[in-house]
Amino acid sequence: MESGEEFGPWLGRQLRRRNMTQAELAAEVKVTRAAVSAWITGRAQPRPETVRQIAEALSTDLGTVYARTTDAVPAHAVQWYHRPAHSDGGREFGNAAAFAFEADLRVLAREATQNSLDERHDPTQPVRVRYTLHELTGEHRRAFLQAMQWESLKSHYAAAAASDQKVGRALVEGLRELEDSETLLLLRVDDYNANGLTGPEYDDGRFAAVVRRQLDSHKVDNRRAGGSYGLGKATLWATSRLGLVLINSTLSVPHEGRTERRLIGRLDLPWREVDGEAYAGPAWLGEPDAARGYEGVSRSWWGIQEETTALHLERESDDPGTSFLVVAVHDAAAVAAGDDGLHAMHEKLVDSLADDFWAAMTDTASVPPLLKASVRTLRNGTELIPETPVSPDQRKPALARALRAYLAGETVDVLGVRTDVALRTVTLNVPPLRAEGKAVGNTAHEAVLLVTPADDQDRTHSEIVCMRGNRMKITTQRPRDLGFGVEPFQAVLLAGFATARDGEDVSRAEAFLRASEPPEHNRWEWTEELSVAYARGAKRRLDEFRASTADALRAVVGNRAVPSAGIATELLRERLRFTQSPVAGRQGTRRSRGYPVVDDVDGEVDSTGAWVLRVRVAVPPSEDAWRLSPVPRLGGGRTGAGAAVRWADLTVTENCSFDGDVLVIAPGVRYAAFTGITDPDTHPVDTGMANIGVDVHKAEEGAKRA
Amino acid sequence: MNRTIYPYPVLRGRTDVEVTRVRLDGVELEFAGIGISQRTVALAVAGRDEWQEAAIEIRAELPETEIADGPWSELVCVAVLEEAATNVRTVHRLTKDRGSGTWQGTVRMARSRHHSRAGLRVQVVATVGGIPGRRIGGSESDWVLDLHAKAPQREQESPAVVEVDFRDGPHSWLRPMKDAPWFVDTAGGDMPVVYLNQAVEGLTTLLSGKGGPAAKATAALAGAKIESDVWEAMFHAAVGDVEADEEGRPRMPTGWRESVLQTMLPDVLPGLSPSDAIVEFSARREEGYGWAELQSRVQYAAALRAQLPKQLANAMRATVRPEGEDR
């Protein structure tokens with residue numbers, strides 16, 4: 001008997017599914033109840049002839065019992081179970097956690113990916129996250145809706161949408177869109193090398209934390225991650241227009257002896273009344289439970305490939321992890337993009353992942369990243385936008401470079417080259433826990449500050465990105481007093497486990513900093529938790545940490561050459577500042593010129609070697625006529641004005657006349673244009689060898705064409 | 001000459017140049033000395049003045065796609081290091097890096113051949129229409145290599161202001177002027193220096209403008225007066241340094257002198273371009289006609305530049321009480 005799953009758990013499940021007790025089976029196959037119990041707990045195996053009797057008792061064939069890859073009887077049909085209304089008559093109009101987040105793909109990507117990162121299974125390998133946008137139309141859309149039993153949900157949606165609450169109005173919009181547009185957009189979030197939704201159906205565990213409960217952050221590995229699947233999972237439901245998410249998980253630890261295709265669907269609706277029955281809110285898609293106390297409740301079921309394919313939930317490998325399918329995904333920004341919505345959403349996901357997880361995605365030749373992420377877009381099962389791997393260098397090249405240099409041990413003390421990364425250590429003194437008493441002193445944790453010059457494309461720079469844990473960005477710091485004219489820089493502060501070290505000081509620093517974060521995890525500050533858990537002076541330790549970080553940064557990038565002068569001197573210096581650059585370039589563009597200039601020259605060399613130039617002259621308004629000498633100059637440039645040559649011919653194009661070689665522009669005219677042909681005999685060099693430009697001067701009296 | 005055209009095809013795309021690393025006699029210069037946004041290198045950043053040679057590593061980015069499709073061959077990219085003060089010009093050929101597609105090289109700058117600020121740019125030269133060595137492009141703005149700067153500041157942004165005691169301070173040559181509240185020194189090649197006399201009691205307090213609106217307005221007025229003096233002194237110093245070129249035409253000076261002339265000449269001689277104005281100015285100085293009138297124009301332009309009329313009006317508004325309010 002060695003195939004499929006273990007015999008014991010398999011048999012136990014078959015009995016539960018058939019609502020059959022151990023005693024009933026014992027009676028049918030003529031053994032004691034204790035023998036059946038021994039089979040189920042794995043202490044004994046039935047003899048072959050008994051197996052035949054068991055197959056009969058379960059009304060199945062022998063092959064099924066030996067193979068144990070499927071359940072003995074067709075499972076109770078998978079169906080939606082709607083939680084009945086509270087017996088106290090209480091009504092809830094929506095998932096409070098979902099209201100905490102906006103329906104925004106950026107938020108979804110951040111929360112879901114952070115969860116995956118916190119649930120990394122094999123710590124030597126990256127967790128792989130893939131986002132798939134999938135647009136369904138026509139037959140594909142119909143088949144999917146049928147697979148998820150849309151018909152049976154319609155009356156519930158209609159009742160829920162009829163409510164005048166906020167969530168009801170959002171549903172009306174979502175339903176109308178589904179009816180009108182004839183398309184359905186799915187977003188699938190897959191992770192691989194993650195723990196998967198392990199644990200029992202209703203009791204504590206990852207599965208129940210995600211599927212059964214709200215706000216349960218299932219804190220298992222309290223040392224590193226701040227608890228995964230907390231508030232953040234609500235974003236999955238919040239981005240679904242229908243409040244509907246389907247889940248397929250491959251478990252890292254077997255449950256009921258199985259790991260693959262644990263399926264469940266969850267729907268979050270407000271309180272509603274359908275056919276005279278009142279319902280509390282959530283509903284689950286699954287097998288009706290037969291266990292006592294849970295009769296009729298839909299529980300997760302072990303699916304087969306046909307089911308996962310029909311529900312677009314098939315995973316690409318048996319690597320543990322979870323696939324969430326957000327049905328009718330919605331993003332306001334993408335709606336604004338109109339027909340380009342899919343491309344806009346695809347880009348937004350790529351950008352969001354690159355923005356928020358560049359640190360976790362950074363690797364070196366020898367250090368793997370913590371995370372790999374990609375985004376792809378499908379339409380009716382065929383690729384619309386190819387899978388786009390997200391690169392840490394895409395959005396934050398300088399920051400990724402800084403982190404990479406640190407991981408590879410290639411940092412320097414003093415910045416020399418533009419790509420150099422300077423490292424400074426910053427000490428965080430972690431105060432002892434109150435529980436530890438007075439005997440324990442501060443623990444010094446060496447946090448790491450990395451500084452590198454910013455790249456030209458960096459839109460945000462000159463701030464310190466502060467991280468801990470799985471290189472999770474907590475906050476940014478903008479130190480002052482860096483001095484005038486500091487070059488743009490990028491800086492990262494790594495504390496706790498983000499330093500990629502381990503040890504007593506590291507875990508203490510990690511716990512201390514986490515305790516100093518508000519629920520949004522976006523600041524290090526005084527919190528209730530900090531004052532309860534830690535000895536006096538915790539807030540001061542945080543302030544010192546911030547100050548010494550700023551000092552360390554200043555030591556690297558600060559301008560020390562600025563002397564302090566008296567106020568009078570400073571004021572005067574400020575006033576005497578030149579407005580125009582005195583360097584050699586000479587490209588001062590002066591907007592309001594008080595004198596005539598040549599503002600456009602165009603032309604070509606003709607067959608005789610003469611330049612034919614079309615020249616436009618701009619003049620300021622004047623009450624008198626302008627009399628100007630246009631002078632063509634060959635070979636001018638930055639070092640000299642070039643050699644003046646003579647005109648062979650001058651022709652008026654617009655707004656002017658010629659008096660000999662003198663250009664006459666009438667009063668009130670702003671622009672004049674003429675065409676001039678140079679006299680090649682006066683060219684000091686071959687025409688083809690030098691550039692040409694035209695100057696205008698005030699005409700000297702008596703300068704007329706000879 | 002601000003519009004120039006060529007008789008052969010030239011590059012339309014941008015050519016960018018960047019200093020990536022600097023070593024002084026083999027010792028790496030702190031990156032803080034390389035101001036990327038300012039396009040300036042402060043060679044005195046480490047306070048070291050005894051070096052002989054600076055090795056400046058540069059990288060240039062050319063419009064490669066345009067070059068690949070264009071009519072140019074035997075393309076060469078060179079770095080040009082020049083300084084007008086010492087009339088030095090060093091040309092160094094860059095090589096194309098296969099990996100990044102950029103042009104790279106190390107320009108060596110000998111300390112002894114430079115005075116204060118050198119300009120660095122790249123030129124792109126190629127064979128066009130069978131004629132080799134034609135300039136087809138180059139970087140638009142120079143990098144400035146400043147031998148004396150301790151921080152990379154592109155602009156020598158303002159004259160220095162120094163507070164000293166004229167009577168017994170460190171500058172003995174200021175003693176004859178001990179009664180002057182301030183003194184503007186424009187001699188020498190460097191930036192002008194404004195000396196404020198600490199011996200004049202209360203001057204710095206007055207200029208700091210601490211106190212009510214009247215004190216502020218007075219400070220601004222005094223500041224404007226100093227400023228106007230500075231501009232006037234700088235203008236005369238700049239005009240006095242104008243030299244003639246090969247054709248005998250006066251040539252625009254460089255550095256702060258150019259800034260001063262470009263800013264003030266349109267007010268001194270309205271309607272003339274700065275280069276025409278220099279010609280006119282030089283002619284009047286030599287021939288003497290209209291010279292006295294020109295002096296008044298210079299003073300007027302300096303006062304305008306210093307916003308003296310506006311500050312005077314402000315001071316009057318702040319100090320003179322409107323009629324009928326004192327009762």
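This is a predicted model: local features need pLDDT of at least 70, side-chain atom pairs count only at pLDDT 80 or more; totals for chains, interfaces and linings use all residues.
**Ground rules**

I number residues from 1 along each chain as its sequence is written, letter chains from A and number ligands from 1 in the order in which they are written. Local features need pLDDT of at least 70, side-chain atom pairs count only at pLDDT 80 or more, totals for chains, interfaces and linings use all residues, and side-chain values use heavy atoms, with hydrogens and water left out.

**Entry: helix α9 of chain A**

I started with α9(A), residues 150-162. Helices here are DSSP runs of H or I with at least four residues, strands are runs of E with at least two, and both are numbered from the N terminus. The expected span is 1.5 Å times one less than the number of residues. For the 13 residues of α9(A) that should be 18 Å, and the end C-alpha atoms are 18 Å apart, which agrees.

I then looked for a bend, the angle between axes fitted to the seven residues ending at a position and the seven starting there. α9(A) bends by about 25° at His156(A). His156(A) is also buried, as are Trp150(A), Leu153(A), Tyr157(A), Ala160(A) and Ala161(A). Buried means under 20% relative accessible area, exposed over 50%, and partly exposed in between, with a 1.4 Å probe and protein chains only.

**Entry: the five-stranded sheet**

Next I traced an open, mixed sheet in chain A with the order β13-β14-β17-β15-β16. Two strands pair if DSSP finds at least two bridges between them. β13 (422-430) and β16 (472-477) are the edge strands, each pairing on one side only. From one strand to the next the twist averages 25°; axes are lines fitted to C-alpha atoms (for helices over the stretch in contact), and angles between N-to-C directions run from 0 to 180 degrees.

β13(A) runs antiparallel to β14(A), residues 443-453, over nine bridges. There, Thr427(A) has Glu446(A) as its bridge partner. Helix α16 (residues 397-407) of chain A packs on this sheet, touching β13, β14, β15 and β17, at about 130° to the direction of β14(A). Contact means heavy atoms within 4.5 Å.

**Entry: the four-stranded sheet**

I found another open sheet in chain A, antiparallel, in the order β18-β19-β25-β22. β18 (597-605) and β22 (647-654) each have a single partner strand, so one side of each is left without a neighbour in the sheet. Neighbouring strands are turned by 20° against each other on average, direction ignored. β19(A) and β25(A) share seven bridges, and Ala618(A) stands opposite Tyr671(A).

**Entry: nonpolar cores**

A nonpolar core is a set of buried Ala, Val, Leu, Ile, Met, Phe, Trp, Tyr and Cys residues joined through side-chain atoms within 4.5 Å. In the largest one, with 72 residues, Ile58(B) and Leu120(B) touch the most other members. Helix α19 (residues 538-557) of chain A gives the most to this core, with seven residues. Another core of 43 residues lies apart from it, including Phe207(A) and Met345(A).

**Entry: Thr527(A)**

Is Thr527(A) buried or exposed? At 9% relative accessibility, Thr527(A) counts as buried. I placed Thr527(A) in the loop between α17 and α18 of chain A. Ser516(A) is eleven residues away in sequence, yet 5.5 Å away from C-alpha to C-alpha. Leaving aside neighbours within four places, Thr527(A) contacts Ala515(A), Ser516(A), Glu517(A) and Pro518(A).

**Entry: chain B totals**

Chain B comes to seven helices and 18 strands, and buried residues make up 48% of its 327 residues.
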